[in-house]
Each structure stands twice: as C-alpha cells, then as structure tokens.
Amino acid sequence: MTAPSTHTTKPATSVPALLKTAVINAVIALVLFSLMVGVRTEAGSDGQLTYWTRFGELAYLVAAVFGGSIVIELLRQWIGPAGTEKLVPPAVQKGMSLVGRYLAPALLIFTLLVPVIFYDQRYILDLAILVLTYVMLGWGLNVVVGLAGLLDLGYVAFYAVGAYSYALLATNFGWSFWICLPLAGILAAFWGVLLGFPVLRLRGDYLAIVTLAFGEIIRLVLINWQDLTGGPNGVSGIPRPTLFGIPLDRSDDGLAAKLGIEFSPTHRIVFLFYLILALALLTNWVTIRLRRLPIGRAWEALREDEVACRALGINTTTTKLTAFATGAMFGGFAGAFFATRQGFISPESFTFQESALVLAIVVLGGMGSQLGVALAALAMIGGFELFRGLETYRMLVFGWAMVLIMIWRPRGLVGHRAPTVYLKKAQAISSDLVKEGHG
Amino acid sequence: MTAASPLLAIRGLRAAYGKIEALKGVDVDINSGEIVALIGANGAGKSTLMMTIFGKPRARAGQILYEGKDITAVPTHEIAHLRIAQSPEGRRIFPRMSVAENLQMGADVTESTPAERESTLERVFALFPRLKERFAQRGGTLSGGEQQMLAIGRALMSRPRLLLLDEPSLGLAPLIARQIFDAIRTLNRQDGLTVLIVEQNANHALKLAHRGYVMVNGLITLAGSGAELLQRPEIRAAYLEGGRH
C-alpha cells in the first residue's frame with residue numbers, strides 16, 4: 001500500500017537521523033566518561049591527590065558508543081518493532097505453534113524429573129528451587145498485574161508477611177509447617193485486602209506509588225518492631241518442614257530411618273523441591289480455574305475497562321479486593337516456603353529489588369500468560385546464575401537481554417492470550433456463517 | 001398505553017459533577033414496550049441522565065422509579081441485576097478479550113440457566129450475524145460498527161427489560177448506523193424490549209422512536225411523539241437541517 005513511498009524515503013531520511021542519534025549518544029558518553037574514565041585520581045603516597053588523564057581510553061569508549069549506536073539503530077530498523085509478521089515465514093510459524101503446544105507439558109515433565117536427573121548436583125537442585133519460588137511469585141503477582149491490571153510494586157510485602165507468619169508462629173508456638181502454611185496465606189490475603197481498600201480508587205501510576213510505599217512500610221515495620229520480629233537480626237532457627245510429622249533428618253524418627261535407607265541431606269532438598277513445585281502448580285491451577293469463572297473474567301474485564309464493568313453490573317470493589325487477596329495469598333505461601341527453606345529470615349530479603357524482579361518476570365513473560373511467566377522466571381533467575389562466571393559483566397548481559405526482549409517482543413515472551421470461552425459446535429456454525437457474512 | 005404506570009419514571013432528577021449542575025430537574029417517562037429517544041446538543045446532559053440512572057453520578061435530588069420501585073440509591077453494580085442494561089457511550093468493549101468473552105461478561109450478571117444463555121446468544125447472533133463470524137476474534141480488532149454491535153449484544157446478554165443506548169451511531173458510516181437502528185427496531189417489535197436511546201443523530205432517532213424528549217442545558221424543553229418532534233420547526237432548525245446524512 002504505502003510500501004513504495006516508504007522504501008524511497010526511508011534511507012534518505014534515516015542516514016542523517018542515524019548520524020544525529022549516534023552523535024548525541026557519543027556526546028553523552030563523552031560527558032559521562034570524561035570524569036569517570038578520562039581523569040583518574042588516586043591518593044598519593046603522602047595522602048595528597050594525584051591524578052592523570054587517560055584521553056586515549058576515553059576516545060576509544062566514545063568511538064565505541066558512536067559506532068555501537070549506529071549498529072543498534074540499523075539492527076532496530078532491520079528487525080523492526082515486533083508485531084510485523086513479515087520476517088517470520090509461515091513454515092517457521094507453524095513449527096513454533098507446534099512447539100508452543102507441547103512446550104508446557106514437556107517443561108512440566110522435565111521439571112518433575114529434575115531431582116532424578118540432577119540428584120548428585122546440589123547446586124542445580126538449589127537453583128531449581130529458587131527458580132520455582134520465583135515462578136510461584138510470578139504466577140501470584142500475575143493475578144494482580146496480568147489479569148486484574150493493577151500495577152503492584154509492593155508485592156514483596158506479602159512474601160514477607162508469609163515468611164514472618166510462618167517464622168513467628170513456628171518459633172513461638174511450635175506449630176507445624178502444614179498448619180502455618182494456610183495461616184500464612186490467610187494472613188497475607190488479609191494484608192492484601194488491607195492494601196486494597198485505600199487504593200480502590202487509584203489506577204496506573206498512582207496505584208504503583210502507593211503499593212511501592214506499602215512494600216516499604218512492611219519492611220520498615222519488620223526492621224523496627226524489634227520485640228516481635230527481631231529487627232535487623234531477623235528470625236533464626238525456623239523449623240524445617242516435615243513430611244506430615246516425619247522429620248527429614250538423621251534421627252531415629254527420621255524418614256530415612258523409617259524407610260530403612262541411608263540418610264542423605266539431599267532428601268530434604270528433594271522434598272523442598274517437590275514442595276515448592278506443588279505449591280507453584282497449585283497457584284497455576286487455581287489461576288487457570290479462576291480465569292474460566294465469572295470472577296476471573298471480571299478481573300480481566302476490569303483490566304480492560306472499569307466503566308464498562310460497572311455498567312455490566314460487576315462490583316468493582318469486591319473484584320479488586322479479591323484480586324489483591326488472591327495474589328497476596330500466593331505470595332504468602334511462597335513466603336512461608338522461603339522461611340522454612342532458609343531457616344533464617346531477615347528484612348534484608350524483602351527489599352524493593354525483589355518486588356521489581358518479580359514484576360520484571362511478569363512483564364517479560366507476557367502479562368497474563370502462565371507459560372510466559374514460568375519461562376521468564378527461568379530466564380531471569382537461571383540466566384542470572386548462568387552468567388555468574390562473567391562476574392562484573394553479568395548485570396550488563398542481563399540488562400541487554402531485557403532491552404532486547406522488549407524491542408523484539410514488546411508484549412512479553414508469550415504475548416498471546418488464550419481465550420476462556422469457546423463456541424460449542426464451532427465448526428458447524430462458522431462454516432455456514434462465513435458464507436452468509438460474505439454474501 | 002401511556003396511562004399505565006411507566007416502566008421507568010424519572011421525577012425532578014438533579015445531578016452534578018462537583019459544582020457544575022448537569023441535570024436541573026428532569027422528568028422522563030418510559031413506558032413498557034416503547035422506544036424513547038433523548039436528543040440534544042453536546043453537553044445538554046443526555047449522557048449524564050443515562051449514567052445517573054445507573055447511579056454514577058448519584059442523583060442529588062429527585063427520584064428514579066423502576067417498575068414502581070425507587071432505585072435512586074441502589075448501588076451501580078446492582079442496577080444491572082434489575083434487568084436494566086446499558087451500552088455506554090464510546091462502546092467500551094473489552095479490547096483484549098474475545099468477542100465470546102465480551103458477550104459472556106454480559107451474561108455473567110444474571111442468574112440465568114445455561115439454556116437461557118444459549119438462547120440469548122442465538123438471539124444476539126440472529127440480530128448481528130457478524131458477531132458469530134468474529135466469535136473468536138479479539139474485541140479490539142473489530143471495526144467500529146462491529147464493536148457497536150458487540151456492545152449492544154453484550155448488553156442484551158443480561159436479558160434486559162430496559163436497554164439504555166448511548167450514541168449507538170457515533171462515528172459509524174450511515175449504512176452501518178442504519179443496520180444498528182434496524183436491529184433496535186427489531187428488538188423492540190419482536191422481543192418487546194423497552195429502549196431509551198440517546199442520540200445526536202436526531203433524524204434517525206426520532207424516526208425510530210415512539211416518543212422523544214429534547215434536552216437543553218440539563219432540562220427537558222420539549223416532549224412528544226417522534227413524528228411530531230420531527231415536524232417541529234425549532235427541532236428541524238436546531239438538529240436536523242444540514243445535519244442530515
């Protein structure tokens with residue numbers, strides 16, 4: 001349609017624009033690096049300040065930025081913002097949809113087998129548990145952010161409530177993990193409702209700021225309420241979980257002794273792995289079920305249009321509060337698990353960074369997509385560990401990866417949203433209707 | 001017909017946004033089985049009247065009687081359960097949800113049986129075959145006319161007795177607008193649905209409606225049958241001349 005005109009005008013206009021962008025970036029780099037790199041200061045032997053210039057290195061850096069921004073700009077124009085189908089041939093698309101269909105079951109089977117395959121590799125098991133914790137947190141936050149469209153920057157607060165609920169109930173009253181787990185979920189849900197009430201009228205940026213503050217309030221209370229929470233020292237000696245009363249330790253009552261097998265500390269790790277897997281799958285299952293019920297549909301409708309929701313007779317107050325409560329409850333479960341796994345918790349584990357990480361997982365995964373969130377958690381947490389060898393460069397690689405994903409797939413890894421309502425007898429109806437409609 | 005007690009009776013209704021009074025004592029009657037058109041210029045308060053029936057904004061004074069019961073203070077989300085449905089201004093369909101889900105959202109309100117839902121869905125498809133074609137498509141990918149059909153279809157899914165339509169022809173090509181008006185007429189004649197329609201397209205609306213009200217600055221200034229109002233010189237001058245398609 002407009003292709004000929006864009007083809008002729010694009011290179012003509014883009015070359016000066018390209019150079020302009022590159023020059024601007026180079027100037028910014030020059031300003032930034034002239035002090036950071038260009039001038040090197042050190043304390044001399046007598047304590048006086050010595051400095052020398054490194055203009056050569058500075059020139060290299062600025063040149064690299066100049067060249068790099070041209071390359072990036074060209075790449076961006078060549079690849080283009082995602083959404084245009086032109087680059088992906090139909091055959092590849094077909095293959096991808098086939099992969100998409102079997103990816104989730106394949107991943108699930110692989111996950112179930114992880115402790116069997118990597119039984120001797122403690123590091124991988126620990127990492128898998130960590131990834132699954134974030135998968136669960138991502139799925140929990142997905143209810144609030146992905147489905148109900150309420151931007152929550154303080155999700156870590158519910159994680160903290162869950163963790164401290166279990167830690168305090170277990171250490172003070174000696175209650176077992178299996179009693180504390182639902183309690184931690186209920187308490188977190190209660191705090192979710194508590195947060196929900198003041199923010200009922202807020203949306204978007206304003207909601208984000210208040211939830212951010214809420215996350216900080218919870219953390220500050222944990223630090224300062226020393227009598228209850230132990231303040232910055234945290235809570236230690238949190239009991240390990242038991243298999244319905246049977247401890248997983250070296251003692252005579254332990255599981256190993258009862259089964260008559262030799263004790264190994266890996267038993268507990270494997271148990272923790274399956275525990276968090278079960279909790280994560282529960283989160284997933286509940287979310288999928290709820291999406292097909294009126295309440296789940298109401299969440300999604302609320303994300304789309306609040307005014308239309310009211311006109312359709314949806315009680316937006318209860319809809320928002322249930323979304324907050326449900327999301328918070330899963331956060332609480334994950335928190336209780338975190339506490340029992342670590343055996344020690346302190347407010348340091350519940351900083352804003354955690355909220356941001358979980359939110360990044362949800363956004364990168366594709367808001368509302370369960371599979372996408374799981375993949376994003378795997379990529380973010382697993383990938384972060386993968387580049388541990390690169391030391392200083394891993395944050396760089398990490399940042400790069402995030403930018404690239406957002407350029408190529410602005411709606412997240414799995415941007416597709418599966419509908420929850422299908423037409424019965426779809427085949428029969430669509431065939432005779434297509435004729436009618438086009439005739 | 002007008003002698004019986006009306007389905008919806010609005011008495012001395014006042015509503016305001018902050019200090020700006022949008023309705024200054026409105027009286028409107030809608031009888032069962034009627035199509036009533038509400039016409040007027042931009043900012044006359046037409047949409048406000050429709051939204052005040054739904055309790056947002058709340059009435060400051062006056063009464064809204066539905067089937068003889070005062071519903072002025074009923075919460076917004078409960079109005080829909082009284083089998084009053086609304087197709088709000090600007091359509092406001094759910095763009096990322098499929099046509100099917102959009103329709104289902106309308107049905108979720110009612111305590112209807114699956115069979116009733118099925119038959120309502122069939123009715124909506126009979127009226128708007130396009131929706132059946134587009135069933136699995138995302139709402140946001142529909143054309144403007146299809147979105148309007150979806151908005152009306154979604155409202156119909158709650159099996160309403162009274163349907164409130166806010167500017168159904170807004171931004172639509174004349175041919176599509178006619179299809180929408182035809183569907184409204186069919187609904188009224190075949191299903192006995194009572195309709196209140198707010199329109200700037202006075203010509204179409206008054207031809208369709210049994211009765212009409214003209215609103216100026218938050219007050220009803222004229223009332224009469226649709227045909228009667230169409231003949232009034234002041235209506236012709238204000239809303240029809242030059243504005244015809």
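**Entry 1: Arg92 of chain B**

I looked up Arg92(B) and found it in the loop between strand S6 (84-87) and helix H3 (99-107) of chain B. I note here that the model is a predicted one. Arg92(B) is not a glycine, yet its phi is positive, at about 50°. Is Arg92(B) buried or exposed? I found 21 C-beta neighbours inside 10 Å, so Arg92(B) counts as buried; the cut-off is 20 or more.

**Entry 2: Glu67 of chain B**

I then turned to Glu67(B), which sits in the loop between S4 and S5 of chain B. Glu67(B) also has a positive phi of about 50° and is not a glycine. Its count is 15 C-beta neighbours inside 10 Å, so I put Glu67(B) down as partly exposed.

**Entry 3: the sheet of chain B**

Which strands make up the open sheet of chain B, and in what order? I read the order as S2-S1-S4-S5, four strands with antiparallel pairing. The edges are strand S2 (20-30) and strand S5 (69-70) of chain B, each of which pairs on one side only. I wrote down a reminder that strands of a sheet pair through backbone hydrogen bonds, either parallel or antiparallel.

Strand S4 (residues 61-66) of chain B pairs with S5(B) over two bridges, in the antiparallel sense. In this region Tyr66(B) stands opposite Lys69(B), a residue of S5(B). I also looked for what packs on the sheet and found H1(B), which touches strand S1 (8-17), S2 and S4 of chain B. The direction of H1(B) makes about 70° with that of S2(B).

**Entry 4: helix H1 of chain B and what follows it**

How many residues of helix H1 (residues 46-53) of chain B are buried? I counted seven of its eight residues as buried, and the helix is mostly covered. The buried ones are Lys46(B), Thr48(B), Leu49(B), Met50(B), Met51(B), Thr52(B) and Ile53(B).

Just after H1(B), I found Gly55(B) with a positive phi of about 80°. Moving on, I saw that the peptide bond from Lys56(B) to Pro57(B) is cis, with omega near 0°. Pro57(B) has its place in the loop between H1 and S4 of chain B.

**Entry 5: chain A as a whole**

I went over to chain A and listed 17 helices and four strands. Of its 439 residues, 34% count as buried. I looked at contacts in chain A with a separation of 6 or more; residues 24 or more positions apart account for 75% of them.

The domain assignment of chain A gives domain 1 (3-80) and domain 2 (103-408). I noted that the C-alpha centres of domain 1 and domain 2 of chain A lie 40 Å apart.

From H4(A), the contact uses Tyr134(A), Leu137(A), Gly138(A), Leu141(A), Asn142(A), Val145(A) and Gly146(A). From H14(A), these meet Val358(A), Leu359(A), Ile361(A), Val362(A) and Gly365(A).

Next I took helix H5 (residues 156-173) and helix H7 (residues 204-224) of chain A, with an angle of about 30° and axes 8 Å apart. H5(A) and H7(A) are therefore roughly parallel to each other. H5(A) brings Val156(A), Ala157(A), Ala160(A), Val161(A) and Tyr164(A) to the contact. H7(A) brings Phe214(A), Gly215(A), Ile218(A), Arg219(A) and Leu222(A). This contact divides into eight nonpolar residues, one polar and one charged.

**Entry 6: where chain A meets chain B**

How many residues of chain A are in contact with chain B? I found 25, and they touch 29 residues of chain B. Helix H11 (294-304), helix H12 (306-311) and helix H17 (426-438) of chain A are the elements that each give two or more residues to this side. By class, the side of chain A that touches chain B has 14 nonpolar, four polar and seven charged residues.

Definitions and conventions
Residues numbered from 1 in each chain as written. Chains lettered and ligands numbered in written order. Predicted model: local features only at pLDDT ≥ 70, side-chain atom pairs only at ≥ 80, totals over all residues. Buried ≥ 20, exposed ≤ 12 C-beta atoms within 10 Å, placed from the backbone. Contact = placed C-beta atoms within 7 Å. Nonpolar A, V, L, I, M, F, W, Y, C, P; charged D, E, K, R; others polar. Domains from an automatic or database assignment. Pairing = 2+ DSSP bridges. Axes fitted to C-alpha atoms, helices over the stretch in contact; angles between N-to-C directions. Parallel < 35°, antiparallel > 145°, perpendicular 65-115°, else oblique.
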